[in-house]
Amino acid sequence: MLRMLSWNVNGLRAIIGKGFLDWLAKEQPDVLCLQETKVGLHQLPEALKNLQGYHAFWVAGEKPGYSGVALLSTAAPLSVCSGFGVERFDKEGRTQVADYGEFVLYNVYFPNGKASAERLRYKMEFYEAFLAHVQELLAAGRKVVVCGDVNTAHKEIDLARPKENEKVSGFLPEERAWIDRFLAAGFVDTFRLFTSEGGHYSWWDYKSRARERNVGWRIDYFFVSRNLVAQVRSAFILPEVMGSDHCPVGIELAL
């Protein structure tokens with residue numbers, strides 16, 4: 001059984017001081033994908049430079065202290081690369097692609113569109129380019145896992161206050177419609193294979209102390225291609241894990 005976790009840590013150096021290494025030693029996932037690490041390769045904490053039992057791969061964006069993703073894996077992938085081949089998106093350090101042979105893993109920190117109309121447009125263009133890219137793998141018959149912070153809640157059930165957020169980036173009709181198209185192209189939202197009710201979230205606003213009241217959004221996902229669904233044994237959210245405004249999400253695959 002392969003246990004895979006994904007977590008937007010909202011700053012790797014910050015979370016190191018909040019018990020991250022103890023959590024990792026206790027949890028011991030086979031694969032851990034991190035988003036929003038916010039560190040350059042020269043800024044990696046010493047404790048993470050030689051993690052026992054893990055192969056570690058780090059991606060940083062051009063802009064200091066912004067974005068960034070990381071992959072920790074007990075088994076070495078056949079290959080790992082950063083980005084998916086579109087320079088204007090890859091330079092922000094948002095994507096890792098790891099080929100494990102039996103499947104290809106995408107660790108993605110999708111853009112946030114709240115800052116401006118320009119950033120919303122960038123987010124939607126990123127979405128379109130990413131979908132076109134992974135469709136090529138599906139057409140080739142590959143099994144694909146896509147995880148990370150998608151920065152959009154798909155359905156009303158996926159956030160605590162849908163009506164109040166209908167005109168907010170993260171729940172706009174066009175953002176939600178892209179997830180519809182992504183699923184229609186050949187992917188499955190693994191969490192919804194096992195859990196149909198609401199009240200399950202992966203992000204809560206810090207400023208309003210929303211986590212205490214569970215007023216959240218489910219914007220972190222594990223998607224798998226349909227040809228991998230039969231091997232998904234569980235999908236879950238770990239809201240009790242603190243340290244970020246997001247919590248980890250995960251799946252277990254029978255391989």
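## Pockets and sheet of a predicted model

The lining of the second largest pocket divides into seven nonpolar, three polar and four charged residues (Ala, Val, Leu, Ile, Met, Phe, Trp, Tyr, Cys and Pro count as nonpolar, Asp, Glu, Lys and Arg as charged, the others, including Gly, as polar). This is a predicted model, in which local features need pLDDT of at least 70 and side-chain atom pairs pLDDT 80 or more, while totals for chains, interfaces and linings use all residues. Residues are numbered from 1 along each chain as its sequence is written, and side-chain values use heavy atoms, without hydrogens or water.

Asn-165, Trp-203, Asp-205, Val-215 and Trp-217 lie nearest the centre of the second largest pocket, among the 14 residues that line it (a pocket is an open set of points on a 1 Å grid over the protein atoms alone, with protein on both sides within 12 Å along at least five of seven lines; a cavity is a set where a 1.4 Å probe fits but cannot get out; lining residues have an atom within 4 Å of a point). Helix H8 (210–213) and strand S11 (216–217) each supply at least two residues of this lining (helices, H or I, of at least four residues and strands, E, of at least two are DSSP runs numbered from the N terminus).

The largest pocket is lined by 22 residues, and Glu-36, Tyr-109, Asn-112, Asn-151 and Asp-245 are the closest to its centre. The count of cavities of 30 Å³ or more comes to one; its lining includes Phe-191, Arg-218, Phe-236 and Val-249, and S12, strand S13 (232–237) and strand S14 (249–253) each give two or more residues to it. Volumes are the space filled by probe spheres set on the points, which are joined across faces, edges and corners.

| Space | Volume | Lining by class |
|---|---|---|
| Largest pocket | about 420 Å³ | six nonpolar, nine polar, seven charged residues |
| Second largest pocket | about 200 Å³ | seven nonpolar, three polar, four charged residues |
| Largest cavity | about 70 Å³ | eight nonpolar, two polar, two charged residues |

Strand S12 also belongs to an open sheet of six strands with mixed pairing, in the order S5-S6-S7-S8-S12-S9 (strands pair if DSSP finds at least two bridges between them). Its edge strands, S5 (79–82) and S9 (187–189), each pair on one side only. S9 and S12 (residues 220–225) pair in the antiparallel sense over three bridges, with Asp-189 standing opposite Phe-223 in S12.

Helix H6 (residues 173–184) packs on the sheet and touches S8, S9 and S12, its direction making about 125 degrees with that of S9 (contact means heavy atoms within 4.5 Å; axes are lines fitted to C-alpha atoms, for helices over the stretch in contact, and angles run from 0 to 180 degrees between N-to-C directions). Helix H5 (residues 117–139) lies across S6, S7, S8, S9 and S12, running at about 175 degrees to S7.
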